[in-house]
Amino acid sequence: MVQSADIFVRASEGVWDKTPDGNLRRILCYTDELMMVEFAFEKGGEGWMHSHPHVQSSYVAEGLFEVTIDGRTETLKAGDSFIVQSGLRHGVKALEKGRLVDCFTPHRADFIST
């Protein structure tokens, strides 16, 4: 079973990594079935259009984002959320500096450093 070091995670303990699209990401916690990840964007930052087999739910923790899922685009602000079903193409653009908290099921093995 894959599992992070602890079931309680403090923000001060997280490690930020650069994403291929130029943003920041830190894994908060995970098990085989579920992973929580925080993403930080500068104004104008983009999460490139992509798809994956995981179901994803996202919470806008801070900022304003243009979110595109399967060809549909909406503008979401802090407190809003969205779900991406498995296999759908999706991406985001930060209209102002902001953060997203994403949950994936199952966990994103490609995010875990070996």
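User: Which residues does Arg-108 touch, leaving out those up to four places away in sequence?

Analyst: This is a predicted model, so read everything here as computed from that prediction. Arg-108 touches Met-35, His-52 and His-54. The residue itself sits in the segment after β10, the strand of residues 98–105.

User: Is Arg-108 buried or exposed?

Analyst: A residue counts as buried when its relative accessible area is under 20%. Arg-108 has 8% relative accessibility, so Arg-108 counts as buried. In the chain, 36% of the 114 residues fall in that class.

User: With which side chain does the side chain of Arg-108 make a polar contact?

Analyst: For such a contact, look for a pair of N or O atoms within 3.5 Å. Here the partner is the side chain of Asp-110, at 2.6 Å.

User: How many helices and strands does the chain have?

Analyst: There are 10 strands and zero helices. Read from the N terminus, the order of elements is β-β-β-β-β-β-β-β-β-β.

User: What does the radius of gyration say about the chain?

Analyst: Compare the value with the one for a compact globule. For 114 residues that would be near 13 Å, and the chain has 14 Å, which agrees. The C-alpha atoms fill a box of roughly 35 × 30 × 25 Å along the principal axes.

User: What share of the contacts with a separation of 6 or more joins residues 24 or more positions apart?

Analyst: Such pairs account for 66% of those contacts in the chain.

Note on methods
Residues numbered from 1 in each chain as written. Predicted model: local features only at pLDDT ≥ 70, side-chain atom pairs only at ≥ 80, totals over all residues. Heavy atoms only, no water. Helix = DSSP H or I, 4+ residues; strand = E, 2+ residues; numbered from the N terminus. Rg over C-alpha atoms; globule rule 2.2 N^0.38 Å. Buried < 20%, exposed > 50% of the residue type's maximum accessible area, 1.4 Å probe, protein only. Contact = heavy atoms within 4.5 Å. Polar contact = N/O pair within 3.5 Å; in protein donor to acceptor, adjacent residues only side chain to side chain.
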